[in-house]
Amino acid sequence: MTLTLTLPPQIEALLRQRAESTGQDITSVTLAVIAFGLSFDESDFFEALEGIQRGLDDFDRGQFSTLEEFVDKQNQKYGLSLEA
C-alpha cells in the first residue's frame, strides 16, 4: 500500500535527524514511529500525542534541554550514573 503524508516541517526534521543519527533511511524510521504509536492503547496513544505536541511547542519557543542536561537531571533524580 502506498500512502502519501504531508508532515509539518518540524516533524520531518525530527524524522530526518533520527534517521541520520541511527544510520537508517527516513522511510524505515517513519514506519517504526508509526508502528510504535499504534502499539499503544487508545488513551495512552492520545496522551502520548499531547505530550509530543507540548514538546514541539516548547521547542518552537526555544524551551528545551541539551542531551547532557537531560542525562544530568535523570542521574540526579534517580541516582544514576549515565553519560550522554
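Me: What joins the side chains of Arg16 and Glu12?
Reply: A salt bridge, with 2.9 Å from N to O. The model is a predicted one.

Me: Where are those two in the fold, and how far apart along the helix?
Reply: Arg16 and Glu12 both sit in helix H1, four residues apart, which puts about one helical turn between them.

Me: How many salt bridges does the whole structure have?
Reply: Two turn up in a search of the whole structure. Besides the one between Arg16 and Glu12, there is one between the side chains of Arg61 and Asp58, at 2.4 Å from N to O.

Me: And how exposed are Arg61 and Asp58?
Reply: Arg61 has a relative accessible area of 53%, so it counts as exposed. Asp58 has 27% and counts as partly exposed.

Me: Back to H1. How many residues, and what does it reach end to end?
Reply: H1 covers residues 9-22, which is 14 residues. From first C-alpha to last it reaches 20 Å, close to the 20 Å expected at 1.5 Å a residue.

Me: What follows H1?
Reply: Gly23, which has a positive phi, near 70°.

Me: OK, H2 now. Which residues in it are buried?
Reply: Val29, Thr30 and Gly37 are buried in H2. Looking down the axis of H2, the buried residues fall within an arc of 100°, so they line one face of the helix.

Me: What's on the face turned away from that?
Reply: That face of H2 carries the exposed residues Leu31 and Leu38.

Me: What else is Leu38 part of?
Reply: A nonpolar surface patch of about 710 Å², made by Leu38 together with Met1, Leu3, Leu5, Leu7 and Ile34.

Me: Where is Ile34, and how exposed?
Reply: Ile34 is in helix H2, residues 26-38. Its relative accessibility is 40%, so it counts as partly exposed.

Me: How far does H2 reach?
Reply: It has 13 residues and reaches 18 Å from its first C-alpha to its last, close to the 18 Å expected at 1.5 Å a residue.

Me: New topic, rings. How many aromatic pairs are there?
Reply: The structure holds three. One of them is Phe36 with Phe40: the ring centres are 5.0 Å apart and the planes are at 80°, so this pair is edge-to-face.

Me: Why is the pair of Phe59 and Phe64 tilted?
Reply: The centres of the Phe59 and Phe64 rings are 5.0 Å apart, but the planes are at 35°, so that pair is tilted. Edge-to-face needs planes over 60 degrees apart, and stacked needs them under 30.

Me: How exposed are these Phe residues?
Reply: Phe36 is exposed at 54% relative accessibility. Phe40 is partly exposed, with a relative accessible area of 30%. Phe64 is exposed, with 53%.

Me: Last one: where is Gly62?
Reply: In the loop between helix H3 (42-60) and helix H4 (67-78). Gly62 is partly exposed, with a relative accessible area of 47%.

Me: And how far from Pro9?
Reply: Gly62 and Pro9 are 53 residues apart along the chain, and 16 Å separates their C-alpha atoms.

Notes. Residues numbered from 1 in each chain as written. Heavy atoms only, no water. Patch = residues over 30% accessible without salt bridge, like charges linked within 9 Å, V, L, I, M, F, W, Y side chains within 5 Å. Areas by Shrake-Rupley, 256 points an atom, 1.4 Å probe, with all protein chains shown as cover. Salt bridge = Lys/Arg side-chain N within 4 Å of Asp/Glu carboxyl O. Buried < 20%, exposed > 50% of the residue type's maximum accessible area, 1.4 Å probe, protein only. Phe/Tyr/Trp six-rings, centres within 6.5 Å; stacked < 30°, edge-to-face > 60°. Expected span 1.5 Å × (residues − 1). Arc of directions from axis to C-beta.
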